Amino acid sequence: MNRTQLASSLIALLVSLPLLAAEEPGDVAAFAKQLSGPAAEIASMRAPSPIDATIHSRSALLPVHFSDNGSSERSWQGTLPVENGTLRFVVFEPADSNWQVDLVSAGGRAVSAASRASRVIDTDFGIEQARVPAMRYDYDNLAGDNWTLRLRAPADAKDGFVLIEGDAATELASWQTHTRQLVGQRLGLTALLTTSLEGSVHVGRSAGRIDQASIRVTAPDRSVASYPMFDDGRHNDGAAGDGLFAGDFPASMGGNYVAQVEARGVNERGKAFVRTAEHLLPVVDASLGLSATRALAVAGDADRLSIRVPVTMRNPGQHYRAIGEVWGTNAQGKPTAVAWLGGMVTPVDGVLSLGFDERWFVLAGTKGPYELRNLRIEDADNFITVASAGRMALDVPALRTRARASGIVIDERMTMGPRPAVERSTQGVGKRLLLVHGYCSGGVWPASQFGTSSTFLDVNQNRSNDEFAQRIRTFGSTWNSFGTVAHSQGGMASLHLYAYYWSGLDNATGNRLMQSVGTPYKGTNLAGILATLGNWFGVACGSNSNLTYSGASAWLAGIPTSSRGKVNYYTTSFKLTNWYTNDYCQFATDLVLSDPEDGTTEQVNGQLSGGINRGHVTGQCHTSGMRDPAQYLNTTRNSTMNSNAAR
């Protein structure tokens, strides 16, 4: 953050101190929406396949563990495969460590890494203010297929990491075997090699040969263990010898596990390679369970039903995200989907209640018997299923609605439930545009470029989308209505707020309710790597699973299409001035992100299916301190967003 931004943030902080003092979220049951949607949307609301969140890695993040050599210094060395005549690597060392970095040729000749390099760049790696110092070394023409990187450090030196970039044509594809991330389960990971040459894509054995694969796991208590991966057909790895490797490890406690898949071998061109993929895997307790196989729909006000599911609870007052499907029988006696339903729910006295509108039955033209299908109940921060039911009988009373299918227009009451009376009685006054920052950040938006606006501040914090959304809601409660202009994770949090909770967003008027720039709606590869580095270096804000590919995929699987349609989003990337030396926004993150990218978010993963894409521009990076200007400082786009913003 530069001095101008810091001054703006301090002014905004002073102005909004009375509001921030009451920032803690309240009881979500009082303002949670009761969501439903047509049967046509059911597929998009189902839990995603783990393969949808596959990490494709062309790099390797290798731990540096120094060994004593009997003198006043410690040393480490590792092989650096040179796959295409070029080499780029980044060294992460603790502050004031004074590592000596050397390259050793196949013949044993050692030279200073800096003396041989085309470029040596002092940089850092991270997201927003969560950064790790780094030194990058580039080699444009390096003879030989293998060099050795040798690090020497004083006797009291701490360990670190080396990040190596390989040829982009050879990638390690890695994904979770399953998503049962509960205490007591074994967590599985799968990996295979892929190559892309001259338009032809090969996978598994046809892409090369993995000679060694393993999983290095850092548990929530920071203990580290290594587990083998197999290609023997007996470990959820497909057929023996097919090039698909799998392994697993026990999750004995709750918290964030960082699991790093490492694979070494030879690609289809006969070049040695090393690749890693970093998975951030939150594990939670099964704090809730289903206590019956039958649910009961109870008549409420007007045309509303309360579908009640019996549960057992360990943590009274805890809220969850629940998503399921209502099925009935059509005139021909065949099972027919009525609608999906869900939302944020807080079980009370052993019952989890989901609101539902009787008109969905009429619109679908169904009758009994009814079922609740594909019900999943997830923790609200990580979207991990803690209880589920494939099919559950549903008792429905006689319908009271007199509506006919031909006269039904799907309205707010059907898709979001009735607006709570408490909301109408406690609304603030006036309208506002909220300027929202992202993960581990502060007031980035130039407030002077936005009229009738206020800056939301939760400086340098790490929040789940759900926590983040509730803080935006509390801040915005001063006004009767508000729209949002958000950066990075702030875009996810704004969408989460609109999707699940009643707030001033529901009262706003104007062309664009929510606008975002640089939001990783599908996640960013940086989140897993930063979690790996953070376990050792202690990254400022900590790890955030919502920003990973798998975490974002799970989150999106519960965001209704109608809510996504209220988002207008922009993406940016670096300005390409030279195909090799200038294809970056940030020196270190460029080694692990696929072009085009903004230093944090890849263009392909900044897309929001169902949202309104307002375009991609080059020459703008994710945040200040990168090569090109920060995307949130673009005066022209800010003017467009300001004039079109709902308030």
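C440 is buried, and C541 is buried as well, where buried means under 20% relative accessible area, exposed over 50% and partly exposed in between, with a 1.4 Å probe and protein chains only. This is a predicted model, in which local features need pLDDT of at least 70, side-chain atom pairs count only at pLDDT 80 or more, and totals for chains, interfaces and linings use all residues. Residues are numbered from 1 along each chain as its sequence is written, and side-chain values use heavy atoms, with hydrogens and water left out.

**Disulfides overall**
- The structure contains two disulfides, a disulfide being a pair of cysteine sulfur atoms within 2.5 Å.
- With bonded cysteines counted along the chain, the pairing pattern is 1-2, 3-4.

**C440 and C541**
- C440 is joined to C541 by a disulfide with an S to S distance of 2.0 Å.
- C440 sits in the loop between β29 (431-436) and β30 (453-455), and C541 in the loop between α10 (526-537) and α11 (549-556), so this pair ties together parts 101 residues apart in sequence; helices (H or I, at least four residues) and strands (E, at least two) are DSSP runs, numbered from the N terminus.
- The torsion about the S-S bond of C440 and C541 is about 70°, so this disulfide is right-handed.

**C585 and C621**
- The sulfur atoms of C585 and C621 are 2.0 Å apart and form a disulfide.
- C585 lies in the loop between β33 (567-573) and β34 (612-618), and C621 in the loop between β34 and α13 (635-644), so the bond ties together parts 36 residues apart in sequence.
- For C585 and C621 the S-S torsion is about -90°, so the disulfide is left-handed.
- C585 and C621 are both buried.
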